[in-house]
Amino acid sequence: MIREEIVIVGAGPAGLWSAIVATKLGASVTIIDDNPIFGGQLIKQTHKFFGSKSHYCGIRGINIAKILTSDLENLPVKKFFNASVIGLYDNNLLAVLTQAKLIKLRAERIIFATGASENNIAFPNNDLPGVYGAGAVQTLMNVYGVRPGHRALMVGSGNIGLIVSYQMMQANIQVVAVLEIMPKIGGYHVHAAKLARLGVPILTCYTIKRALGIDMVEGAVIVKVNKRFKPIPGTEQRLKVDTICLAVGLSPLNELLWQAGCEMVYVPELGGQVAQHNEDMMTSRADIFVGGDLSGIEEASTAMLEGKIAGASAYESLKGVSAESKKIKEQAKVELGMIRQGPFGEKPRWGKERLAARRGWT
Ligand SMILES: Cc1cc2nc3c(=O)[nH]c(=O)nc-3n(C[C@H](O)[C@H](O)[C@H](O)COP(=O)(O)OP(=O)(O)OC[C@H]3O[C@@H](n4cnc5c(N)ncnc54)[C@H](O)[C@@H]3O)c2cc1C
């Protein structure tokens, strides 16, 4: 049995910043991640990030992960790699499954920063080998150096769909088309333009009708949709592909929050069920905090800022408010507000406002 002041579950940008802040402020911290290296989604993001200088703009995701983990190296944080938190029981007892054994960890405060899982969509044969989430393809290519196939269809033209399509082309996988059910492309123009320059068609008002094949993907039937997203008969096309990549959104990875008994709210703008939380990233339980994609699907920049706030808030709830903790939170809240003012911040801003309007506590 290990006892700890603050335990952080998930070492993506949110969890890493929570750990850095809470430790620098003076708390004793343990951070746990189920991957062999820390960084969360960043460890597979080979593209350069957007945003402002303070949020590592112009730096590749993989290098941001290296910067954050080396910051952590110099701090007295206890780290568990390859370790999954598989349960949360009474009195904040966390069950942590490592490769060697099951560890019991009792935490005074917990920060959950477990990120998100990829959404699937329903179509015949969507369970054939060769149908992947876009994030899984990115992991295969950029973390393990494995090409998932030779000819791919991407479903979804948000930033993830566009970026992973480009990275597939870089890995010598022919992207036959990117489909988008909406009338316009979902992601940044700059990512779409890079694909267009390579001759990849981005078909708006299109979706996948079925995957073809018996033991594995051998093709796909795509179809045009009307304004109500209904397939238009006669517009079907067959594509010869061995890989179908789904980039159709993410959902917060929230099972442990349900187990904790946190108040959960369905907020479509935040990606689904999220724990009700206040501006300090505290949930309906005063000893549990959240940050990053788990508290609403956004970006690495906002995940880092929420992580800072969660780290400082968890520290304050244990040891009291300090001038430094107050400053960190105030600054992070200002920066969050600025990011969410932009056109791509609109959705999460509405989501967070909707949460606040429903909250019966502060
Ligand atoms: C293709 C792609 C491109 C992107 N490009 C950009 C970009 O250009 N700019 C930008 O700002 N954002 C970008 N993002 C978004 C950004 O990566 C995420 O918003 C960000 O990583 C979320 O951080 P997080 O810390 O909340 O979660 P994550 O980075 O997902 O980290 C969560 C970690 O928790 C671990 N975990 C989960 N459950 C458990 C458990 N039970 N026990 C132990 N560990 C657990 C996970 O394995 C993971 O390592 C992109 C995302 C993708 C997929």
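Start at the ligand: one of its oxygen atoms sits 3.3 Å from a polar backbone atom of P13. That pair falls inside the cut-off for a polar contact, which is a pair of N or O atoms within 3.5 Å; within protein, one atom must be able to donate a hydrogen and the other to accept it, and residues adjacent in sequence count only if both atoms belong to side chains. Keep in mind that this is a predicted model, where local features need pLDDT of at least 70, side-chain atom pairs count only at pLDDT 80 or more, and totals for chains, interfaces and linings use all residues. Residues are numbered from 1 along each chain as its sequence is written, and side-chain values use heavy atoms, with hydrogens and water left out.

An N or O atom in the side chain of H47 is 3.0 Å from a ligand oxygen, and a backbone N or O atom of A300 lies 2.9 Å from an oxygen of the ligand. The protein covers 91% of the 1000 Å² of accessible area that the ligand has on its own (areas by the Shrake-Rupley method with a 1.4 Å probe; for residues, only the protein chains shown count as cover).

Who makes up the shell? The ligand is surrounded by 33 residues, and D33, D34, Q45, D293 and A300 are the closest; a residue counts as near if one of its heavy atoms lies within 4 Å. By type, the shell splits into 15 nonpolar, 13 polar and five charged residues. Here Ala, Val, Leu, Ile, Met, Phe, Trp, Tyr, Cys and Pro are nonpolar, Asp, Glu, Lys and Arg are charged, and the others, Gly among them, are polar. Helix 1 (13–25), strand 4 (84–89), helix 4 (159–170) and helix 7 (300–319) each put at least two residues into the shell. Helices (H or I, at least four residues) and strands (E, at least two) are DSSP runs, numbered from the N terminus. Domain 1 (2–117 + 250–358) and domain 2 (120–246) both contribute to the shell, so the ligand lies between them; the bounds come from an automatic or database domain assignment.

Now follow helix 1. Its 13 residues reach 18 Å from first C-alpha to last, close to the 18 Å expected at 1.5 Å a residue (1.5 Å times one less than the number of residues). Twelve of those 13 residues are buried, including P13, W17 and S18. Buried means under 20% relative accessible area, exposed over 50%, and partly exposed in between, with a 1.4 Å probe and protein chains only.

I288 lies in strand 19 (residues 288–290) and is buried because its relative accessibility is 0%.

Helix 7 also holds S313, which counts as buried at 5% relative accessibility.

Finally, a look at the backbone. Most residues other than glycine have a negative phi. M281, not a glycine, has a positive phi of about 65°; it is in the loop between strand 18 (272–275) and strand 19, buried at 3% relative accessible area. N172 has a positive phi too, near 70°. N172 is in the loop between helix 4 and strand 10 (174–180), and is exposed, with a relative accessible area of 61%.
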